[in-house]
Amino acid sequence: MDRVIEAYTDVTAEGKKSRTPAKLDKWLTASGVILALFMMGHMMFVSTILLGKDVMHAVTKAFELDFIFDGGVPFIVSIFVAIISAIFIVHAILGVRKFPTSYKTYIKVREHAKLMNHKDTSMWMFQWISGLVMMFAATIHLYIMFTQPQNIGPYASADRVVSEHMWLLYMVLLICVEIHGSVGLYRAAMKWGWFDGANPKETRAKLLNVKKLLSYFFMTLGVITLLAYIKIGIEHSDNVGEKYVPTSHSKVLEK
Ligand code: HEM
Ligand code: HEM
């Protein structure tokens, strides 16, 4: 009955506004921060290709727990992808509540952002637009990772980027995720006043710098990494499907 009253009157049975939206916002922040931290680790892992094919291969195998199970078990990666996907879906559902979902609300938000000409408001515009793009683009990536965990590695990944045309999706995703993640962390810190301290204005300026640094660093790393996969993918385009054999193994095989 309480829910019915709330549904019709917008206030709870006690005549108060519900606390649920505030609670949902906490979960939005929590899931967003987990995803942002995960993405930092993800970018570090994916960029190990810059240290050489052997290093990326070793890291991939470590995720498959090859130090416990001989040769590694790709299914372990699927479990990990399922967990990240669940957090991603929860975050997306909570984020969608913030989208301007009709022309009327959209034009209000857009014109307001233009009139305000205030960085934080413009960043918020990017936040929901990038979220919308990721809802489609990241889902494709997650599904492939979930269903083909065995196809991760120096050649398999590079083949996917070039011969399976994923480079375009990754470029879009990279721009969205790096800016959305760093803007998200900045906004979360501002929203909940985590680092306000004695002088919140000064803190805001500092946090803006951290945000800039984070997005520049990860964007540059991401672009260089993507170029590295593209180079390997082009070189390997005549042998799509061939798995990478680490240098130490190939030496043993030669003997
Ligand atoms: C399905 C894709 C996604 C959608 C629809 C989405 C949407 C949103 C929206 C609308 C906000 C609230 C903005 C605000 O009120 O300030 C938000 C916040 C946030 N998002 Fe996402 N997002 C998505 C994916 C991601 C990913 C992959 C990351 C990780 C890099 C991420 C990290 C964050 C962070 C850290 C926040 C800040 C939380 C807060 O403002 O309290 N999001 N997201
Ligand atoms: C547990 C989940 C995930 C796994 C196991 C994973 C794994 C990978 C791997 C192996 C690559 C290298 C290219 C390839 O093999 O196709 C890659 C690239 C990429 N992933 Fe993920 N990913 C995950 C989640 C995500 C999420 C949630 C996002 C963003 C919302 C994302 C964004 C990207 C981007 C932008 C690239 C290209 C990066 C670059 O080349 O610099 N990934 N991912």
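This report walks through the fold, the core, the ligand shells and a few individual residues of a predicted model.

## Reading the model

Because this is a predicted model, local features need pLDDT of at least 70 and side-chain atom pairs count only at pLDDT 80 or more, while totals for chains, interfaces and linings use all residues. Residues are numbered from 1 along each chain as its sequence is written, with chains lettered from A and ligands numbered from 1 in the order in which they are written.

## Overall fold

Let's start with the big picture. The chain has 10 helices and 0 strands, where helices (H or I, at least four residues) and strands (E, at least two) are DSSP runs numbered from the N terminus. Along its principal axes, the C-alpha trace spans about 80 × 45 × 40 Å.

Of the 255 residues in the chain, 20% are buried. Here a residue is buried if 20 or more other C-beta atoms lie within 10 Å of its own, exposed if 12 or fewer, and partly exposed in between, with C-beta atoms placed from the backbone. Two residues are in contact if their C-beta atoms, placed from the backbone, lie within 7 Å. Among contacts between residues at least 6 apart in sequence, 77% join residues at least 24 apart.

The largest nonpolar core has 21 residues. Such a core is a set of buried Ala, Val, Leu, Ile, Met, Phe, Trp, Tyr and Cys residues joined through C-beta atoms within 7 Å. The members that touch the most others are Met134, Ala138, Ala158, Val161, Leu173 and Tyr229. At least two core residues each come from H4 (75-96), H6 (119-147), H7 (154-162), H8 (166-192) and H9 (200-235), and H7 supplies the largest share, with 5 residues. Setting aside residues up to four places away in sequence, Ala158 touches Tyr229, Ile232, Gly233 and His236.

Helix H9 has 36 residues and reaches 52 Å from its first C-alpha to its last, close to the 52 Å expected at 1.5 Å a residue; the expected span is 1.5 Å times one less than the number of residues. Its buried residues are Lys211, Phe218, Gly222, Thr225, Tyr229, Ile232 and Gly233. The cover over these buried residues includes H2, H7 and H8.

## Around the two ligands

A residue is near a molecule if its C-beta atom, placed from the backbone, lies within 6 Å of it. Of the 27 residues around ligand 1, Gly32, Gly95, Gly131, Gly181 and Gly184 come nearest. H2, H4, H6 and H8 each supply at least two residues of this shell, and H8 gives the most, with 8 residues. The shell around ligand 1 divides into 15 nonpolar, 9 polar and 3 charged residues. In this scheme Ala, Val, Leu, Ile, Met, Phe, Trp, Tyr, Cys and Pro count as nonpolar, Asp, Glu, Lys and Arg as charged, and the others, Gly among them, as polar.

Ligand 2 has 25 residues around it, and Ala138, Ser157, Gly222, Thr225 and Leu226 come nearest. H2, H4, H6, H7, H8 and H9 each supply at least two residues of this shell. Its residues divide into 19 nonpolar, 5 polar and 1 charged.

## Residues to look at

Gly131 is found in helix H6 and counts as buried because it has 20 C-beta neighbours inside 10 Å. Leaving aside neighbours within four places in sequence, Gly131 is in contact with Gly95 and His180. Ile34, in helix H2 (residues 20-46), counts as partly exposed because it has 15 C-beta neighbours inside 10 Å.

The unreviewed UniProt entry lists His42, His91, His141 and His180 under "binding site"; UniProt positions are given in the numbering used here, feature names are shortened, and annotations may be inferred rather than shown by experiment. His42 sits in helix H2 and is partly exposed, with 14 other C-beta atoms within 10 Å. His91 belongs to helix H4 and is buried, with 23 other C-beta atoms within 10 Å.

In the model, residues 27-52 are 77% helix and 0% strand, with end C-alpha atoms 39 Å apart. Residues 72-94 are 87% helix and 0% strand, and their end C-alpha atoms lie 36 Å apart.
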